[in-house]
Amino acid sequence: MTDATTTNTMEREFLYGAHNYAPLPVVLVRGKGVYVWDEAGNRYLDMMSAYSAVSHGHCHPKLVQVLQKQAQQLNIVSRAFYTDKLGPFLERVCQLTHFDKALPMNSGAEAVETAIKAARKWAYTVKKVAKDQAHIIACQGNFHGRTTTIISMSTEPNYREGFGPFTPGFTLIPYGDPIALEQAITPNTAAFLVEPIQGEGGINVPPAGYLKACETLCKRNNVLMICDEIQTGLGRTGKLFGYQHDDVTPDGIILGKALGGGILPVSLFLSRKEVMDVFTPGDHGSTFGGNPLAATVGLAAIEVLLEENLIERAAKLGGYFQNKLKTIHSPLIKDIRGKGLLIGVEIDKSYPAREICLKLLHHGILTKETHGTVIRFAPPLIITEEQIDAAVEALKHVIAEK
Ligand SMILES: *Cc1c(COP(=O)(O)O)cnc(C)c1O
């Protein structure tokens, strides 16, 4: 696995790249479906799927085909002009999500920034909050991205240390506690920003009814409820959106990751007309956001998700996966949690999760720990029962090695 070529490849990345990641020692060169291959030809089952960006599987043939066709036709023109691809893409997502309007960006963080700007401007122009007084409530343990404004609402010291001063205007409350939300709301509250399941925070599933209680509080107090569905959205949790487990209607949602079909960065902020209409020409934008190549791939990613019943698959296979994991009886396994194919296995501190991930790598399973103790199992939604069995067997071996 770590032959001379591989060592050389890794050394170059280490030498010339900033060390803001600590990758596992494997150099990937090819992907197909749920599998990826390294330089030496070893095959791995991808249990990470790029933090849910690869829900459709690697190099989905239909997505690659539309990408190639569009790449030969028109790629980037900026939003200074109309294109034939953006309107149909936005129309399709609005139909699917029942939101009125969408604003396209590229990375998830950019779409979160867009939601923050929309909520603030809505607070000033519609809710009539005094200038610069609006605040947004977010949850402890959140992950919404890496920009300086977004890390201003993070509670993870590692994401913040050395990057201040921070953007004001955020209030943090415990996740899963509607009473804390009620107490934090003031007449200046613009929005409550929440993940239906905290992904990077450790696959934290809130109590049933949590989002419903939050929705009621937001409605009563004229506060926008915005769900960050970048990781939980588009089928990952066994429903189209994570918030649907609680039967709520948020005022806005943020999509990214899987929206790009595992090929391109494509993100959106979606909301009601009243919110989105706060934007006027020139007050927000992105050179690449909504480009025809991204719009084409984004539209096809949605079609494939529906055509291949990936949402139902995530529900069914997620249940299968969790049940299989529960057959591993070991005191080292502290918890198995998640919904659909977003699953976290919490391991006792005595067995560092990174060590387990390194051992899984040697068993042909790729995954990554989150928060030191939780191992993530979030494969492409096209995974089969046999492939899940293989992953569970590997974990069983690795757990038994301690
Ligand atoms: C990954 C993620 C983001 C950030 O997306 P990027 O594309 O990395 O900027 C934001 N919110 C959630 C919930 C995420 O999982």
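**Helix packing and a pocket: a short tour**

Hi everyone, let's begin with a pair of helices: α4 and α11 cross in a left-handed way. Before going further, please keep in mind that this is a predicted model.

In general, two packed helices are described by the angle between their axes and by the distance between those axes. For α4 and α11, which is residues 292-307, the angle is about 35 degrees and the axes are 8 Å apart. Who meets whom here? On the α4 side you will find Leu86, Pro88, Phe89, Arg92, Val93 and Leu96, and they face Ala295, Gly298, Leu299, Ile302, Glu303 and Leu306 of α11. Sorted by class, the residues of this contact are nine nonpolar, one polar and two charged.

The loop between α3 (61-71) and α4 holds Ser78. Ser78 is worth a look: its phi is positive, about 75 degrees, although the residue is not a glycine.

Rolling a probe the size of a water molecule over the atoms shows where empty space is left. The second largest pocket has a volume of about 720 Å³. Its lining counts 27 residues, and those nearest the centre are Arg79, Ala102, Leu103, Pro104 and His284. Both α4 (86-97) and β4 (101-105) supply at least two residues each to that lining. Which element gives the most to the lining of the second largest pocket? The answer is β4, with five residues. As for the classes, the lining of the second largest pocket has twelve nonpolar, eleven polar and four charged residues.

Now for another helix, α14, which has two partners I'd like to show you. Start with α12, residues 310-325: α12 and α14 pack at an angle of about 25 degrees, and their axes are 10 Å apart. Angles under 35 degrees count as roughly parallel, so α12 is roughly parallel to α14. The crossing of α12 past α14 is right-handed. From α12, the residues involved are Lys316, Leu317, Tyr320, Phe321, Lys324 and Leu325, which meet Glu385, Ile388, Asp389, Ala391, Val392 and Leu395 of α14. This contact of α12 with α14 has eight nonpolar residues, no polar ones and four charged ones.

The other partner is α13, residues 353-362. Its axis and that of α14, residues 385-400, come within 10 Å and cross at roughly 125 degrees. By class, that comes to six nonpolar residues, no polar ones and one charged.

One last stop, in another loop. Pro165 sits between α7 (157-160) and β6 (170-173). Is the peptide bond from Gly164 to Pro165 cis or trans? It is cis, with omega near 5 degrees.

Note on methods: Residues numbered from 1 in each chain as written. Predicted model: local features only at pLDDT ≥ 70, side-chain atom pairs only at ≥ 80, totals over all residues. Heavy atoms only, no water. Axes fitted to C-alpha atoms, helices over the stretch in contact; angles between N-to-C directions. Helix = DSSP H or I, 4+ residues; strand = E, 2+ residues; numbered from the N terminus. Nonpolar A, V, L, I, M, F, W, Y, C, P; charged D, E, K, R; others polar. 1 Å grid on protein atoms, 1.4 Å probe; cavity = no way out; pocket = protein on both sides within 12 Å on 5 of 7 lines; lining within 4 Å. Points joined across faces, edges and corners; volume = space filled by probe spheres on them. Left-handed = near helix turned anticlockwise from the far one by under 90°. Contact = heavy atoms within 4.5 Å. Parallel < 35°, antiparallel > 145°, perpendicular 65-115°, else oblique.
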